[in-house]
Amino acid sequence: MIRDRSAGKNWAGNYTYRARKLHRPSTIEQVQEIIVNAPRVRILGSRHSFNDIADSSELVALEDMPKDVSVDRAANTVSFNAALKYGELVAALNAEGVALHNLASLPHISVAGAVATATHGSGVTNGNLATAVAGLELVTSCGEIINVSRGEPDFDGLVVGLGALGAITRITLDVEPAYEVRQRVFEGLSWEALFEHFDEIMSCGYSVSVFTHWGEAIDQVWVKSRVGDEPELVEDDLFGAVAAAVDRHPILGLDASNCTPQLGKPGPWADRLPHFRMGFTPSSGDELQSEYLFPRRYSVEAIEAVRALADEIRPILQVSEIRTVAADRLWMSMSYGEDTVAIHFTWKPEQEAVEDVLVQLESSLARFEARPHWGKLFDAKAAAIAPLYERLPDFVRLAERLDPRGAFRNSWLKTRVLGE
Ligand SMILES: Cc1cc2nc3c(=O)[nH]c(=O)nc-3n(C[C@H](O)[C@H](O)[C@H](O)COP(=O)(O)OP(=O)(O)OC[C@H]3O[C@@H](n4cnc5c(N)ncnc54)[C@H](O)[C@@H]3O)c2cc1C
């Protein structure tokens, strides 16, 4: 079993893990032994979060565990080692002719890390990536191995676990027959058209993303349609926005070669649903991110509230993305209980300036019950978070039951969720 003395930095490079040990177990017995003996511990995913959510005095990376991807055709599920990245999982799914219901903007993230923070893609009928979880294997802080499946008590609390409940060692996800997707980009949508036709625009494809830098008009609308399953958007006009004639990057002026193919060319689901291609730098690579999700009934008012801050936002922004996420029942999901809209910010790497703007943004968005994305930068502390999550008391009880010695409690959890 290898052990590093330092865990280095997160993907964005804005956070250096304080952990003094990074364990790399290769068997479940080693995972149990490490966890039982660690006073404070967390599992580290692919390090794509922008804050200290994954940090502790000891960290465990599960990448050296056997991958063991197994598709159960009768149950329509796939099970695998939780450290697997979506890009790696997709290769195994393609070989079996099956697919997931959705993906985030990038395939580079670990499935366990994505699920723990309720990471999402877009689509009015698509739940976040955690909603595909059908079962979990978890090692608790006293070394017990627990297997839970959808429908069992507390399952809805376990899935979006914020890394606070134990080490997820295996995940089972729902799969469906593989499908093809076409992706088209429309440019120059007016704000008036977006507000007047918000629901129509966000549901004109299986997954729709609106990119803007809060200027005079909206920069781009990315429409991903499932081939054959639903009416496809074939016109070259989307409420006045014009179909792009070449591939685009969501950030104006950046080279589109790290983006998935567009121009309506059909291709496998996993080569179209993420915006960025595996093996290439996702997004701009030199950035910070924040995101807020709020009930869809506030869409237009909340977007207007952000637009009113355009002069403060624009100098430190690379691009914003507006997406939709369907409601779910996962206690700590940002889409718990209601269909949501997500407003995302890809910032320039200027942390202090970003933190200043976040205070203003959160004060403007508070009246829309906006929940910050757990894995990105936000200002809200536990007192502001608590009223947004009605199942939070149940989650705290679950954490106390599974982790009575508080080994998985870290400073992020205390500051942002528990409030101690
Ligand atoms: C370029 C970029 C694009 C992004 N795009 C999107 C997007 O489209 N949509 C979106 O919603 N988010 C997006 N994100 C955010 C990202 O999906 C989340 O931050 C996610 O948590 C990253 O997963 P990770 O494996 O890197 O987790 P980490 O940052 O390593 O860890 C996150 C949390 O998961 C826990 N964890 C990880 N593995 C385990 C395990 N096996 N058992 C228990 N706990 C575990 C950690 O302890 C920690 O609490 C993006 C981030 C980047 C950098």
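Colleague: Which residue forms a salt bridge with Arg-323?
Modeller: Glu-291 does. The closest N and O atoms are 3.3 Å apart. Keep in mind that this is a predicted model.

Colleague: Are they buried or exposed?
Modeller: Arg-323 is buried, and Glu-291 is buried too.

Colleague: Which residues are linked with them in a network?
Modeller: The network of salt bridges links Glu-291, Glu-321, Arg-323 and Lys-376.

Colleague: How many salt bridges does the count come to?
Modeller: The count comes to 18. One of them joins Glu-176 and Arg-226, with the closest N and O atoms 2.9 Å apart.

Colleague: What does that pair tie together?
Modeller: Glu-176 lies in strand E11 and Arg-226 in strand E14, so the pair ties together parts that are 50 residues apart in sequence.

Colleague: And why does Arg-226 count as buried?
Modeller: Because its relative accessibility is 8%, and buried means under 20%. Glu-176 has 23%, so Glu-176 counts as partly exposed.

Colleague: What about Arg-184, which residue is its salt-bridge partner?
Modeller: Asp-236, with the closest N and O atoms 2.6 Å apart. This pair also links distant parts of the chain, 52 residues apart. Arg-184 is in strand E12, and Asp-236 is in the loop between E14 and strand E15.

Colleague: Buried or exposed, those two?
Modeller: Arg-184 counts as buried, at 15% relative accessibility. Asp-236 counts as exposed, at 52%.

Colleague: New topic. How many residues of strand E8 are buried?
Modeller: Seven of its seven. E8 covers residues 133–139.

Colleague: Which strands does E8 pair with?
Modeller: E8 pairs with E10 in the antiparallel sense, over six bridges. E8 also pairs with E9 in the antiparallel sense, over five bridges.

Colleague: Which residues stand opposite each other?
Modeller: Leu-136 stands opposite Ile-171 in E10. Val-139 stands opposite Ile-145 in E9.

Colleague: What do E8 and E9 form?
Modeller: A hairpin, with five residues between the strands. Gly-143 is in the turn, and its phi is positive, about 90 degrees.

Technical notes. Residues are numbered from 1 along each chain as its sequence is written. This is a predicted model: local features need pLDDT of at least 70, side-chain atom pairs count only at pLDDT 80 or more; totals for chains, interfaces and linings use all residues. Side-chain values use heavy atoms; hydrogens and water are left out. Buried means under 20% relative accessible area, exposed over 50%, partly exposed in between (1.4 Å probe, protein chains only). Helices (H or I, at least four residues) and strands (E, at least two) are DSSP runs, numbered from the N terminus. Two strands pair if DSSP finds at least two bridges between them. A salt bridge is a side-chain nitrogen of Lys or Arg within 4 Å of a carboxyl oxygen of Asp or Glu.
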